[in-house]
Amino acid sequence: MTWTRDSVRDAVMEILRPHAQNGAELSETSHLVADLGVDSLGVMEVVADLEDKFGMRIPDDSLRDVETVADVARAIATRLESEGRLEK
Amino acid sequence: MSRIYVPRTVVQAIEDAAKSTATGYRFVDENSEAEPFFSHAGIERASARFGGALQALGLEKGDRVALILPDNADFVFAFLGAVRAGIVPVPIYPPTGLGKLSGYLENTLHIVDKSGAKVLVTTGEIRRLLGTVQASAPGLRKVADVDELKAQREELRPVKVALHDTCFLQFTSGSTSRPKGVTLTHENLAANIHAIMDLGLGVTPADHGVSWLPLYHDMGLIGFVLAPLYHVNSITFLPPLLFLKRPAKWIETMARHRGTISFGPNFAYALCVKRIKDAEVSHLDLSSWRVAGCGAEPIRADNLRAFADKFERIGFNHRAFVSCYGMAEATLAVSFSPLGQGVLVDKVDAQKLWSEQHAEPREDDDAAQIVSCGRAFPDHDIAVFSPDDAKSEHPLPERSVGELRLRGPSLMTGYYGEPELTQQAFAGGWLKTGDLGYLAGGDVHICGRSKEVIIVNGRNYYPQDLEWEASRVEGVRKGNVIAFGTMKPTMDRERVVIALETAVPAGELREKLKGEVRRVVQQAIGLTVDDVIPLDVGVLPKTSSGKLQRAKTRELYETNELYARGSARKVDTVETVKEVVKSQIGYFKHALLGGLEKKD
């Protein structure tokens, strides 16, 4: 299937929602650690869910530049685009 | 089993094992279906090449080489290659997780510098991340790319390695960002591996180990890389991050290779219960799993029971559980619970345990369940002493709680380049573990740690480090920060809490402050803080001498009283005296009572 930037963002938010600790509000600018309280095990669970959802393998070292929800969506969209799976 | 024990060096063990082409290491790789297999003959050759390449860099016997290698196969052969050349490897954990870790760089630099490593071997990617590490470690001559070393074809020049020679340095996390290098000789390793494999686990050539444990850590490195060389067993390695991402891979690999032995910290078993869906594993057969070791962090009988309940329908036997006590300073293992018995608990009166430091048996629902970790291995001693018994002169009787201290051939020779810290680690020839516990029928029972270490997912963190980082955030009152771990409200893992005082007014600004503290601690230490609690000035509990009370703060947090405290600090003298007495066993009480739900 092909994705759009909007559908990628929605899917990423859907995956992250259960990880928001203590009722933290989820938005594109939410910082995964500071705002949502995702811990290192939670991160790995998120990565597994993202891989399943988008049908891709996310390398372990690609996480270092990711801080916010929008960063995650952007990184996924970039990958999909390079694979020709993102609609303009 | 009945063989007479003759200590050998790791070098000798590699050479002896090389006769076998049927057994060896298998490396599961996430990116491919192929699982590269190195027979013990192949391990001999691959490690010789690495050893030769390291010698070609000018390294000689006794020199240290730091290794930061996320790939299991790279790490194993670089490590063994160094050992065969008499070069002392210094494993360092690779950077993981989110964000750029300033704390990671600091730690790495400290280890490189303290170990006096002349060469650091790592990947190109991590080399870039480390940046100017070389400039800050004057002894470091070269940062070598592992791929370049692998491409080399230098012959290993034979080096004489003796039992008393240092085999490697195991750096353990220490308080205030100062990891210490545990110096282990070949003799230490031979003694501990004999204890683990022959005496503890009754390993036979038919045993097949499966491990996702990080190899820069003692349980993975000694238990699954070195011990199987001595006993010529096959091991299948999984990348640690693959396990954390997809825990079912551990179970699936155990079943596929008919694994008989695997180990994990408590959290790993809890993670399997939480994350693995029945459908993922319903077709598998775990009946071959005869030793499921649990160690490296406090063992919670409930977590292991839940694991056994979940997986017994696919053949897992709860009697496979072996509860382990160990530490890097004792090479790896100190004691194991007896084989084939599962998790054994001692039921004791929780109240008396911490108020009277006595483990009185009690048989009702209110009893605290303390996991038994078995007795000392032959030639090794475990005894309990009062923490202030500076010369270990008066061992405490059975069921008296005190500091566990150790003696025997598995004990380190000391912390590398730290004569003072080494001296402080021993009391009258006994190693002070810093762990509180008691002996019952000779079996070790761990109740907690006198050092208030926070253990998250098998890694140790010191509250002082977290407090220091949090204090750097603008708006936080310096010196008025308390970090602690708690098992409340959920039992599956330790949660990290930072309570701090601030003059920032309640509301949006405080919320921002909370986020900032989390961000700073995460970036510096790589640890996610579960809860940040900003409080008015003067609210955190202190002793009359002005010292912050960590145990008290945790207690208030767990009973939901922390937020409710007024702004005036109350110093009650009687309360203070009680606190001082209790602070020693603060963690201890928490470890016990934290596990009990209040019934009233």
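In this predicted model, 6 salt bridges are found by the rule across the interface of chain A and chain B. One of the salt bridges joins A:Glu51 to B:Arg246, with the closest N and O atoms lying 3.0 Å apart. When the side of chain A that touches chain B is divided by class, it comprises 12 nonpolar, 5 polar and 11 charged residues. Polar contacts were also examined across the interface of chain A and chain B, and 6 residue pairs, with both residues at pLDDT 80 or more, are found in such contact.

The extent of the interface can be described both by residues and by area. In terms of residues, 28 of chain A are in contact with 28 of chain B. The size of an interface is often expressed as the accessible area that is lost when the parts come together. Between chain A and chain B, the buried area is about 2500 Å², and carbon and sulfur atoms contribute 50% of this area.

Two or more lining residues are supplied by each of the chain B elements β14 (333–336), β17 (381–385) and β18 (402–407).

How values were computed:
Residues numbered from 1 in each chain as written. Chains lettered and ligands numbered in written order. Predicted model: local features only at pLDDT ≥ 70, side-chain atom pairs only at ≥ 80, totals over all residues. Heavy atoms only, no water. Helix = DSSP H or I, 4+ residues; strand = E, 2+ residues; numbered from the N terminus. Contact = heavy atoms within 4.5 Å. Buried area = accessible area lost by both parts, 1.4 Å probe. Salt bridge = Lys/Arg side-chain N within 4 Å of Asp/Glu carboxyl O. Polar contact = N/O pair within 3.5 Å; in protein donor to acceptor, adjacent residues only side chain to side chain. Nonpolar A, V, L, I, M, F, W, Y, C, P; charged D, E, K, R; others polar.
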